[in-house]
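Please have the sequence and the structure open as you read.

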Amino acid sequence: MLTSSIEDRRARAAYLVDELLGAYARAVDERDFTAWLALFAPECAYEVRAMENVREGLPLAYMMDDCRERLTDRVKMIQEVWAGTVEPYDTRHVQQRTAMRELGEDRWAVRSNVLVAYTGSSGEPGILVSGYSEDVVVLDDETALFQQKFVVVDNTPPRYLVYPV
């Protein structure tokens, strides 16, 4: 069966976006923040906000990195400044793409549901956050990168957020 070039382009984009979401989950869950940083375009932004603040139009955020340099600073803080000063915890990210819309010029708006479980030093697991992510993803021939990643969490996390969500 023949498919149109639009269907081919959308299928290619969906594949690359799903690979990007998987790489994101792996990088954060493995605490490979160099790999995490590599998933963002040169011009990028990353935010984690509470649903309540989003609904009220408040600019408050758990994490607000409006440029690549701030993401680089976040990695440095995790690896050098906070190392040994905060109780580490393990995470397991589950992300499911729920919508994808072409913005043009190999840019796609992507929405996905997000659930992050965590296990602290006690060994007891829990839900760190649930919510959704609204992203802008840029594609080239073989890869996808986040230009914007905006996570909105439904709940108040039961512990501090050190690692990206």
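Leaving aside its neighbours within four places in sequence, Asn53 touches Leu58 and Leu60, where contact means heavy atoms within 4.5 Å. This is a predicted model, in which local features need pLDDT of at least 70 and side-chain atom pairs count only at pLDDT 80 or more, while totals for chains, interfaces and linings use all residues. Residues are numbered from 1 along each chain as its sequence is written, and side-chain values use heavy atoms, with hydrogens and water left out.

**Asn53 in its place**
- Asn53 belongs to helix H3, which covers residues 51-56; helices (H or I, at least four residues) and strands (E, at least two) are DSSP runs, numbered from the N terminus.
- With a relative accessible area of 15%, Asn53 is buried, a term that means under 20% relative accessible area, whereas exposed means over 50% and partly exposed lies in between (1.4 Å probe, protein chains only).

**The whole protein**
- The protein contains 4 helices and 6 strands, and along the sequence they follow the pattern α-α-β-α-β-α-β-β-β-β.
- Of the 165 residues, 42% count as buried.
- Among contacts with a separation of 6 or more, 59% come from residues 24 or more positions apart.

**Aromatic rings**
- The whole structure holds 9 aromatic pairs; rings of Phe, Tyr and Trp (its six-membered ring) pair if their centres lie within 6.5 Å, and planes under 30 degrees apart count as stacked, over 60 as edge-to-face and the rest as tilted.
- One of these pairs is formed by Trp36 and Phe40, which are edge-to-face at 5.1 Å centre to centre, with 65 degrees between the planes.
- Trp36 is buried at 0% relative accessibility, and Phe40 is also buried, at 2%.
- Tyr89 and Tyr160 have ring centres 6.2 Å apart and planes at 65 degrees, so this pair is edge-to-face.
- The pair links distant parts of the chain, 71 residues apart, since Tyr89 lies in the loop between helix H4 (68-81) and strand S3 (90-104), and Tyr160 in the segment after strand S6 (144-153).
- Tyr89 is buried, with a relative accessible area of 2%, while Tyr160 is partly exposed at 36%.
- Trp36 and Phe40 also belong to one aromatic cluster with Tyr24, Tyr46 and Phe146.
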